[in-house]
Each structure stands twice: as C-alpha cells, then as structure tokens.
Amino acid sequence: MPRTEKKPAVLTAPARADRPFRGIALILASTVFLGASDVTAKYLSATLPSIEIAWIRFLMFALIMSPAMLSGSPLYALHSRRPGLQVMRGVALLASSLFFISGLRFLPIAEASATGFVSPLFVTALSIVFLGESVGVRRWLATAVGLIGVLIILRPGTSAFHPAAFFPIVSALAWACTLIMTRMMSGREHAITTMTYSSIVGVCILSVLVPFVWVAPSWHDILFGIFIGVASTAGQWIVVLAFRYADASVLAPFSYTQLLWVSILGFMIFGELPDIWTVIGAVFIVGSGLYTAHRERVRRSQLLVQAERSPNA
C-alpha cells in the first residue's frame, strides 16, 4: 500500500466573542508587560547597542514561537496565503522596535512613549491609500490636534529639542504600517502565523546586523534581555487575545494607560519626571486618539446599519 503523506493542519482563527470587559481587562494587562519591556530596554541601552537589544528581544520572540515553526507540531503556523505581506509586516515591526529602542538611549521614557502614540494618526492617513477608506473632516482635525501635541512635546527650534526625538516618530510610522498590513490580512491569516513570521523576519535580519555592533553582554544584561523578549511577546499575545473580545475602537482608549506605567517606572528607576510640556502634549495626543477611536466606532456602526438595510447584504 502506498503511504500517504500527512499534510500539516492549517490553523483557523477562533470564533470572536463579544465580551468587552474581558477585552478591556486583557488590554490593561498588556500595557503592563509592554511598558515594563520598554523601560527595561531603556535600562539596557546604557550598556548595549540598540541593534543588539532588539536582536535579543527577537531571538526570545523566535524561541517562544518555535513550536509554530515545526511541520509536525499541532501548532504549525507557517502556512500563509500572503507570505510576501507577512515578510513586509515583519520588516515594519522590526523597524518600529529598532527605532524606538534607539530613541530610548537619548530621551526620557515618558517623552518617547507619548510621541510613539501618534501611530493612530499615521494609520488614519495610510488607510486612505492602502485600505481605500474615506476620512472625514473631523478625523483630520483630530489628526491635526495630535500633531500639535507632538510639536508641544518636541518643541523644535528650542534648546529642549533633541534630534533623537525623530526616532519614536519613525517608530510610530513603522508601527502604523504594521497595523495597516495586519488589517489587510485580517480574516485571512491566523494570529499565530503572523507572529511567527514576524519573529523569523526580525531575528534573521538582526542576526546579519548584530556582528557589526556586537558588545559582549554580561549575565546581568542577558537576563534583562530575556525579560524584554518574554514581556514584549506576552504583551503582544495578550493584545491579540483582547481583540477576540472587543473592537479596536473599544480597546484603544485603554491602551494609553501604558503612558502611566512607563512614567511611574521611569521615575522609580531613572528618576525621570515628565515636564509640563510632555504632559500637555500627551493630553493632546491621547485626546486625538480617543476621538479617532470614537469616530471609528461611529463609522463602523453606520456601515453595519447600511449593510442591514441593503437587500443584497
């Protein structure tokens, strides 16, 4: 009898449940992990190059996702309908991480984090080009308010401005590209597949770059690097779980609690207190993000009503 080869199972996305309070609880938990990861990365930036910190982070990410890379594993997740887009998303995620860590070396953690939260503004602009979405005047005004918040924090043209402030902005732009590509694959790719590809792309690219900047880490550095990888992976995974229970427009406002955690940890570890301009700019950025999330919820509800009224829906 000829032997038949057993094909690896293709993972299907789990059913979505409408449990907003569980989703909110998960997104709040994710901000603790992600905030702790960012603060630890800033701590390591004093002794290790940014590329090396990112390499340790993605190496741990890849090790955690390794069961999904084995063809005989029930978690095998390398089957993708959009492998090219997965690779591009992995590059964007890597760029976001690398630029943000680079900025942490020179900037207070609260300032870098607040500036990095302008990514929803970039998503608004990019969604027009890549997703064909229409953006109304009110959402553009919200975007303008957010950009004003960035200018308040950075204060270009004054002695308070640091050129490294561009790093978290570029990081936010790269993260917005990551989110846009995630939306483009939504409903077609499993979350594990997306995370697995991102880990592979990140560790492969950084493994080529890290020999040029290598600094021998101490055991102390290695342990903190492992913590960064575990905490950031856990935070990302909890975010994925949160989106199973609630819409992005519901969860977005609670993601800003990460600013609170990094400010507290930044004060406890580095003695950094956000100045009044950082606080005011953060208020502008958060307010802009909250209004954008509100308009997104309104837009989706209107689309749902139109679909229900359509006889061809």
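Ser37 keeps contact (heavy atoms within 4.5 Å) with Arg57, Ile228, Ala231 and Ser232, once its neighbours within four places in sequence are left aside. Ser37 belongs to helix α1, where helices are DSSP runs of H or I with at least four residues, strands are runs of E with at least two, and both are numbered from the N terminus. Because its relative accessibility is 0%, Ser37 counts as buried; buried means under 20% relative accessible area, exposed means over 50%, and partly exposed lies in between, with a 1.4 Å probe and protein chains only. The model is a predicted one, in which local features need pLDDT of at least 70 and side-chain atom pairs count only at pLDDT 80 or more, while totals for chains, interfaces and linings use all residues. Residues are numbered from 1 along each chain as its sequence is written, and side-chain values use heavy atoms, with hydrogens and water left out.

Helix α1 spans residues 20–44 and also holds Lys42. Lys42 counts as buried because its relative accessibility is 10%. Beyond residues up to four places away in sequence, Lys42 touches Leu104, Leu107, Ile109, Phe270 and Glu272. Lys42 can also be placed relative to Ser102: the two are 60 residues apart in sequence, and their C-alpha atoms are 8.9 Å apart in space.

Lys42 takes part in the packing of α1 against α3, where Asp38, Ala41 and Lys42 of α1 meet Phe100, Ile101 and Leu104 of α3. By class, this contact has 4 nonpolar, no polar and 2 charged residues; here Ala, Val, Leu, Ile, Met, Phe, Trp, Tyr, Cys and Pro count as nonpolar, Asp, Glu, Lys and Arg as charged, and the others, Gly among them, as polar. The axes of α1 and α3 are 8 Å apart and form an angle of about 55 degrees. Such axes are lines fitted to C-alpha atoms, for helices over the stretch in contact, and angles run from 0 to 180 degrees between N-to-C directions. The two helices, α1 and α3, are therefore oblique to each other, given that angles under 35 degrees count as roughly parallel, over 145 as roughly antiparallel, 65 to 115 as roughly perpendicular and the rest as oblique.

Among the α3 residues in the contact are Pro83, Arg89 and Leu94, and the α8 side includes Thr193, Tyr197 and Leu206. By class, the contact of α3 with α8 has 9 nonpolar, 6 polar and 1 charged residues.

Leu290 sits in helix α12, which covers residues 276–309. With a relative accessible area of 35%, Leu290 is partly exposed. Leu290 touches Pro253 and Tyr256, not counting residues up to four places away in sequence.

For the protein chain as a whole, 12 helices and 0 strands are found. Of its 313 residues, 43% count as buried.
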